[in-house]
Amino acid sequence: AMQLAPGLLALFSGRLAKLVVREAVDGQMHFEGRLRGVEDDAVVLEVSRKKLTRIRLGNIARGHLAVEF
């Protein structure tokens, strides 16, 4: 399994990403939102204007940046 490096994720801050987790977070397995950084071994994802979700790096099964035009 590929480990997501916090430094690499920081480069993509502000980009739209789609993530799939191994263990449900807030009852969800799939997330889409803007990367807002990495804090304490967790990705901070802005899933809506008012909601930030933290997902542990080790819990991310896979993810990719969404293409924006």
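In this predicted model, Ala 17 stands opposite Gly 33, a residue of strand S2. The pairing around these two residues joins strand S1, which covers residues 16-25, to strand S2, which covers residues 28-39, and the two strands run in the antiparallel sense over 6 bridges. Once neighbours within four places in sequence are set aside, Ala 17 is in contact with Phe 31, Glu 32, Gly 33 and Leu 35, and also with His 64, Leu 65 and Ala 66.

The strands form an open sheet with antiparallel pairing, in which the order is S4-S3-S2-S1-S5. Strand S4 (51-56) and strand S5 (60-65) stand at the edges of this sheet, and because each has a single partner strand, one side of each is left without a neighbour in the sheet. From one strand to the next, the twist averages 40°.

Which residues does Thr 53 contact, leaving aside its neighbours within four places in sequence? Thr 53 is found in strand S4, and its contacts of this kind are Val 25, Asp 26, Phe 31, Val 43, Val 44, Leu 45 and Val 47. With a relative accessible area of 2%, Thr 53 falls under the 20% cut-off, and therefore Thr 53 counts as buried. The side chain of Thr 53 also makes a polar contact, at 3.3 Å, with the side chain of Lys 51.

Some totals for the protein chain complete the picture. Of its 69 residues, buried ones make up 33%, while the accessible surface comes to about 4800 Å², with 53% of that surface belonging to carbon and sulfur atoms. Among the contacts in the protein chain with a separation of 6 or more, 42% are accounted for by residues 24 or more positions apart.

Key:
Residues numbered from 1 in each chain as written. Predicted model: local features only at pLDDT ≥ 70, side-chain atom pairs only at ≥ 80, totals over all residues. Heavy atoms only, no water. Buried < 20%, exposed > 50% of the residue type's maximum accessible area, 1.4 Å probe, protein only. Contact = heavy atoms within 4.5 Å. Areas by Shrake-Rupley, 256 points an atom, 1.4 Å probe, with all protein chains shown as cover. Pairing = 2+ DSSP bridges. Helix = DSSP H or I, 4+ residues; strand = E, 2+ residues; numbered from the N terminus. Axes fitted to C-alpha atoms, helices over the stretch in contact; angles between N-to-C directions. Polar contact = N/O pair within 3.5 Å; in protein donor to acceptor, adjacent residues only side chain to side chain.
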